[in-house]
Amino acid sequence: MAKFAGFPMTYTLDNSAGSGIAITNDIGTITLNTTAGEQEVTGLDKSAMERLQLLEDTEVSMGGNGFPSSTTRAVFNTMTGSRTLVIGYPDSVTATVELILLSYNVQRGQDGGISWTATG
């Protein structure tokens, strides 16, 4: 498939009751950072490093401009429990991430502009 940019995506995040809520309209930016640990296991008989890949983890950062809708606020206002984030791409591929919400912040600037961020 060809590469493309500027394409629409869909975002669904579970609320605290486990029901998937569409929050696509309120999200302006999203970053998925997937990392894996590594362990060095080089034996004394080797002249180069040997490594094993360990467990993976993903951090999600998202944000938007303007006061989020009541639906989105309800998803983020209760931070307990694990959540499922499903990102739908236009070529029918989805990314599913299990996460725990770590923060939800709403900021109001001196000019009156409102923005929000959330991490998991």
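This is a predicted model: local features need pLDDT of at least 70, side-chain atom pairs count only at pLDDT 80 or more; totals for chains, interfaces and linings use all residues.

Reader: How many bridges join β7 to β8?

Author: In general, the strands of a sheet pair through backbone hydrogen bonds, in a parallel or an antiparallel sense. Two strands are taken to pair if DSSP finds at least two bridges between them. Here β7 and β8 run antiparallel and are joined by 6 bridges. Arg 108 has Ile 114 of β8 as its bridge partner, and Gln 107 stands opposite Ser 115 in β8.

Reader: In what order do the strands of the open sheet stand?

Author: The order is β3-β4-β8-β7, an open sheet of 4 strands with antiparallel pairing. The edge positions belong to β3 (29-40) and β7 (103-108); each has a single partner strand, so one side of each lacks a neighbour in the sheet. From one strand to the next the twist averages 15 degrees. α1 packs on this sheet, where it touches β4, β7 and β8, and its direction makes about 135 degrees with that of β7. Such angles run from 0 to 180 degrees between N-to-C directions, the axes being lines fitted to C-alpha atoms, for helices over the stretch in contact. Between β4 and β8 there are 5 bridges in the antiparallel sense, and Ser 61 stands opposite Thr 119 in β8.

Reader: With which residues is Thr 31 in contact, leaving aside its neighbours within four places in sequence?

Author: Contact means heavy atoms within 4.5 Å. Thr 31, found in strand β3, is in contact with Glu 59, Val 60 and Ser 61 once those neighbours are set aside. The C-alpha atoms of Thr 31 and Met 62 are separated by 6.3 Å, although the two residues are 31 residues apart along the chain.

**Core and aromatic rings**

Reader: Which residues in the largest nonpolar core touch the most other members?

Author: In soluble globular proteins, nonpolar side chains tend to be buried together. A nonpolar core is a set of buried Ala, Val, Leu, Ile, Met, Phe, Trp, Tyr and Cys residues joined through side-chain atoms within 4.5 Å. Among its 18 residues, Ile 23, Met 62, Phe 76, Leu 85 and Trp 116 touch the most other members. Two or more residues each come from β1 (10-14), β4 (51-65), α1 (70-77), β5 (82-88), β6 (94-100) and β8 (114-119).

Reader: How many aromatic pairs does the structure hold?

Author: A pair of aromatic rings is described by the distance of the centres and the angle of the planes. Rings of Phe, Tyr and Trp (its six-membered ring) pair if their centres lie within 6.5 Å; planes under 30 degrees apart count as stacked, over 60 as edge-to-face and the rest as tilted. The structure holds 3 such pairs. Phe 76 and Tyr 104 are stacked, because their ring centres are 5.1 Å apart and their planes stand at 15 degrees. With Phe 76 in helix α1 and Tyr 104 in strand β7, this pair ties together parts 28 residues apart in sequence. Phe 76 and Trp 116 form a tilted pair, 5.5 Å centre to centre with 45 degrees between the planes. Trp 116 lies in strand β8, so that pair ties Phe 76 of helix α1 to a part 40 residues away in sequence. Ring pairs link Phe 76, Tyr 104 and Trp 116 into a cluster.

Reader: Are Phe 76 and Trp 116 buried or exposed?

Author: Buried means under 20% relative accessible area, exposed over 50%, and partly exposed in between (1.4 Å probe, protein chains only). Both Phe 76 and Trp 116 are buried, and Tyr 104 is buried as well.

**Salt bridges**

Reader: With which residue does Arg 51 form a salt bridge?

Author: A salt bridge is a side-chain nitrogen of Lys or Arg within 4 Å of a carboxyl oxygen of Asp or Glu. The structure holds 2 of them. Arg 51 pairs with Glu 38, the closest N and O atoms being 3.6 Å apart. That pair links distant parts of the chain, Arg 51 in strand β4 and Glu 38 in strand β3, 13 residues apart. Arg 51 is partly exposed at 44% relative accessible area, whereas Glu 38 is exposed at 53%. Asp 45 also forms a salt bridge, with Lys 46, and there the closest N and O atoms are 3.4 Å apart.

Note on methods. Residues are numbered from 1 along each chain as its sequence is written. Side-chain values use heavy atoms; hydrogens and water are left out.
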